[in-house]
Amino acid sequence: MPKLRSRSPILRCKQAELDVQDLTGLLRINWKVGSLTLYSAFYTRIDQIFVVWGVICFAIFATAQFAYISWHVQAIVWSIATVLGSACMTRFAWYWVRVESLRWVVYLWGALMCGGLAVTDYSIFAGWGPGLVNLCPLWLGLSALGYVVTGIGMQSRTFGIAGALHGLGIAVLSWAPGWQFGLTGAIVAGTLLFLAEVQWDMRSPQVSTVLTEAERAFNQQQQRLREQLP
C-alpha cells in the first residue's frame, strides 16, 4: 500500500496558485450588490463534479425520503440523472486525470455507479426484497469503497476519512430506520459539497507528458508558490 503523504494538511482553504490542469475549465463566482461582495469562490472541474454529484444525490435521497412518488418513476428519473452525472464526471475530469495519470479513478467511480444503479433498478422493478431494504447501505458502501480506493491511489488522507465516514454511516442507519434515505443523502451529498469548498490533500503533482514544456514549467512555479504558503 502506498504511503500517504503527511507533509500536506488534510484540509485547508483553497489555494489560488493552481496548476494548468486545475485552471482548465475553472469557474469563478463573484456575486456583488454594489460594492458589497455576497459570495466569492472558484471551482475547478473536479470541484464542479463534486457539486453536480452532490446536487444529484441530494435530490435522489430527499425525493425518496419525503416525496410521494412511485418508486418506478423515481427509478427511471434517477437512472437517467445518474447516467448524465457519470457522463458529466467523465467529460469534466478527463483532462485532469490524464495529466495526473489517474484515469483509473474515472473508471472506478463509473463502475461503482453503474453497479449500484443496476442493483437498485433490479430491486425496484423486480421487487427484490433484500435489495429494497438495503438500498441505503448499498450506496453508502459503494461510496465508502470508492473513497478508500481513491484515497490510497491518490495518497489522500482526506478521501480515506471520507470513506470511513460513509462506512460509519451504515452503522448509524440502524438508529433511525425511518430516516435512512434522509441520513444517506445528508452523508453522501454533504461530503461531496464539502469537498468542493476546500483544498484536500493528495500526492505531489506528476511530471506529465500530456503537458508542454512551458506548462510543466508553469506547474513547477505554482508548486513552489504553494510550498511557500503557511
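## Basis

Local features of this predicted model need pLDDT of at least 70 and side-chain atom pairs count only at pLDDT 80 or more, while totals for chains, interfaces and linings use all residues. Residues are numbered from 1 along each chain as its sequence is written, and side-chain values use heavy atoms, with hydrogens and water left out.

## Helix packing

Helix H2 (residues 45-66) packs on helix H3 (residues 71-99) at about 170°, and their axes are 9 Å apart. H2 and H3 are therefore roughly antiparallel (angles over 145 degrees, taken from 0 to 180 between N-to-C directions). Helices are DSSP runs (H or I) of at least four residues, and strands (E) of at least two.

## Salt bridges

Five salt bridges are counted (a side-chain nitrogen of Lys or Arg within 4 Å of a carboxyl oxygen of Asp or Glu). Aspartate 47 and lysine 14 form one at 3.1 Å, N to O. Aspartate 47 lies in helix H2 and lysine 14 in the loop between strand E1 (11-12) and helix H1 (20-23), 33 residues apart. Aspartate 47, at 4% relative accessibility, is buried (buried is under 20% relative accessible area, exposed over 50%, partly exposed in between, with a 1.4 Å probe and protein chains only).

Arginine 157 and aspartate 201 also form a salt bridge (3.1 Å, N to O), and both residues are buried. In helix H9, arginine 216 and glutamate 213 are three residues apart, so about one helical turn separates them. Their closest N and O atoms are 2.8 Å apart in a salt bridge. Arginine 216 is partly exposed at 22%, whereas glutamate 213 is exposed at 57%.

Terms used: Angles under 35 degrees count as roughly parallel, over 145 as roughly antiparallel, 65 to 115 as roughly perpendicular and the rest as oblique.
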